[in-house]
Amino acid sequence: MKIDVIGDIHGCYNEFCSLFEELGYKKEQDVYIHPDNRIPIFVGDLTDRGPESIKVIQLVYDMVIKKNKALYVPGNHCNKLYRFFLGNNVKQQHGLETTVAEYEALDKKMQGNISKQFMRLYEEAPLYLEIPEANAVVAHAGIKESYIGRHDKKVKTFVLYGDITGEFDEAGRPIRRDWAQNYNGDAWIVYGHTPVLKPRRVNKTINIDTGCVFGNKLTAFRLPEETTVSVPSEQPFKVEKFRSFPDE
């Protein structure tokens, strides 16, 4: 089984399409298909902050639900947008406001279509994906080895938000433990969530959120090749949004 795990898209539709082309996919009937039947997997955070979240939702819905040509796991931004579509009182900040503005500019019929598509996409998505054929686990913010196979509330929080401590740094960002340092499993853990300037490999884990929406790159991790492919972002570069680690 050959897979291409694609990092956090955050509404960067042009870069999303460019990455497919760079990976050798061809557009057929509005979806991207690989001649070698590779399977794209989206690691969550499809929307928010970027310029074209609605188009990203439509393409991912078509590929995952309509054509059954891709897989998807949700991220924390996906969870928040889902709760917004449910009618919950969600704070429109940290990027959600950009998606809501796009959504509210649509006519009522289109709004109904988009909300239904996204809600179905989210409701049918697994919390994380175990892919034994590719020796991989795909989870938005990663997953501890001891959590694999579990789907309780504690695991859901970890998968969506990472190994949070409950504390915040001086910039107001949640402080997260570097869980990857303690991972000793044989399967690849492929994740995103925390923007890094280049794909970060620790033990058999790889963070592929290379901050496309913050002006860096959109990245895919290919298995079984264990290689990364990136395309440059079209967004303004914001260096303060990237996390560095003591080992770098």
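The largest pocket here is lined by 32 residues, and Arg-49, Arg-173, Pro-174, Arg-176 and His-193 are the ones nearest its centre. Helix 3 (76-85), strand 8 (164-168) and strand 9 (174-176) are the elements that each give two or more residues to this lining. By type, the lining splits into 10 nonpolar, 10 polar and 12 charged residues. (Ala, Val, Leu, Ile, Met, Phe, Trp, Tyr, Cys and Pro count as nonpolar, Asp, Glu, Lys and Arg as charged, and the others, Gly among them, as polar.) The volume comes to about 940 Å³.

This is a predicted model: local features need pLDDT of at least 70, side-chain atom pairs count only at pLDDT 80 or more, and totals for chains, interfaces and linings use all residues. Residues are numbered from 1 along each chain as its sequence is written, and side-chain values use heavy atoms, with hydrogens and water left out.

A pocket is an open set of points on a 1 Å grid over the protein atoms alone, where a 1.4 Å probe fits, with protein on both sides within 12 Å along at least five of seven lines; lining residues have an atom within 4 Å of a point. Its volume is the space filled by probe spheres set on the points, which are joined across faces, edges and corners. Helices (H or I, at least four residues) and strands (E, at least two) are DSSP runs, numbered from the N terminus.

Five strands form an open, mixed sheet in the order 5-4-1-13-14, where pairing takes at least two DSSP bridges between two strands. Strand 5 (71-72) and strand 14 (227-232) are the edges, each pairing on one side only. Strand 1 (residues 3-6) runs antiparallel to strand 13 (residues 217-223), joined by 4 bridges; Ile-6 has Ala-220 as its bridge partner in strand 13.

| Helix | Lies across | Angle |
|---|---|---|
| Helix 1 (residues 13-22) | strand 1, strand 4 (39-42), strand 13 and strand 14 | about 135 degrees to strand 14 |
| Helix 2 (residues 53-66) | strand 4 and strand 5 | about 125 degrees to strand 4 |

Angles run from 0 to 180 degrees between N-to-C directions, with axes fitted to C-alpha atoms, for helices over the stretch in contact; contact means heavy atoms within 4.5 Å.
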